[in-house]
Amino acid sequence: MTEPQYAVLECPECGEQYIISSPTDSPSETATLFSDGYFIEDGNIHWRTPLVIGCVTCELGFMPVKGKQIAFGTLDELLEKFPNIKKAMAPTAGTLVLDLRARLHMELDEEVAIRRELWYASQHTSKGCELLERNKKFEAFYQQNLLRLIECVQLPVLKAELNRQAGMFDQCLNCLENETDSMATLIAQQAKVENTGVFKVSNAI
Ligand SMILES: [Zn+2]
């Protein structure tokens, strides 16, 4: 196995620096994967690179590809050069809602990234789950977000999962007609029993 390559990115708005553990949003072999594509890395050596990095300084989010890469190397090398570097994390659910409301003109890839992170934050973070459970306005925004994602997302398995979580089981199964991988099979099984909940797929498949 090659040594993992980490990178330091600068926020395009304010220059705040963040370290990412992978240039892609793919899980490592030991990650725990969920039916919606979200994953949790095992330990502290790796962490998920969010589709949108939450900037704590300017409070906006930016996509990793839009950040300026200022350094590249192993974790040890970068921590030595940037001892106070912050790990790149997704914005909170509340911040993502504000972000979506504030941006009037978004490119589609940016909109999808923010909306997917809002979906993930609502299912996989305690603050997001709490908002979804207790706040009716947030719940309505969340449902609207799911429907908009279904419109925008092209990847068949992801589109199927969005449909399943929105309770549209026939549409879910239609998206999976030509899909044969194990994730597609698991999502189809859950759609057939009309389960809308996100589920753990065990370690990366
Ligand atoms: Zn910033």
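Strand β1 (residues 6-10) is mostly covered, with four of its five residues buried; a residue is buried if 20 or more other C-beta atoms, placed from the backbone, lie within 10 Å of its own. Strands (E, at least two residues) and helices (H or I, at least four) are DSSP runs numbered from the N terminus. This is a predicted model, in which local features need pLDDT of at least 70, side-chain atom pairs count only at pLDDT 80 or more, and totals for chains, interfaces and linings use all residues. Residues are numbered from 1 along each chain as its sequence is written.

**Pairing of β1**
- Strands pair if DSSP finds at least two bridges between them.
- β1 runs antiparallel to strand β7 (residues 68-73), to which five bridges join it, and V8 has A71 as its bridge partner in β7.
- Four bridges link β1 to strand β2 (residues 17-20), also in the antiparallel sense, with L9 opposite Y18.
- Six residues separate β1 and β2 in a hairpin, and G15 in the turn has a positive phi of about 85°.

**Nonpolar core**
- A nonpolar core is a set of buried Ala, Val, Leu, Ile, Met, Phe, Trp, Tyr and Cys residues joined through C-beta atoms within 7 Å.
- The largest such core has 40 residues, and V52 and L118 have the most contacts inside it.
- Elements that each supply at least two residues of this core include β1, β2, α2 and α5, while α3 gives the most, with six.
- Residues touched by V52 include F62, M63, A90 and I114; contact requires C-beta atoms, placed from the backbone, within 7 Å.

**Helix α2**
- In α2 (residues 93-102), A93, T95, L96, V97 and D99 are buried.
- These buried residues pack against β5 (53-54), β6 (61-62), α3 (108-124), α4 (126-134) and α5 (136-152).

Terms used. Buried ≥ 20, exposed ≤ 12 C-beta atoms within 10 Å, placed from the backbone. Contact = placed C-beta atoms within 7 Å. Lists of a residue's contacts leave out its neighbours within four places in sequence.
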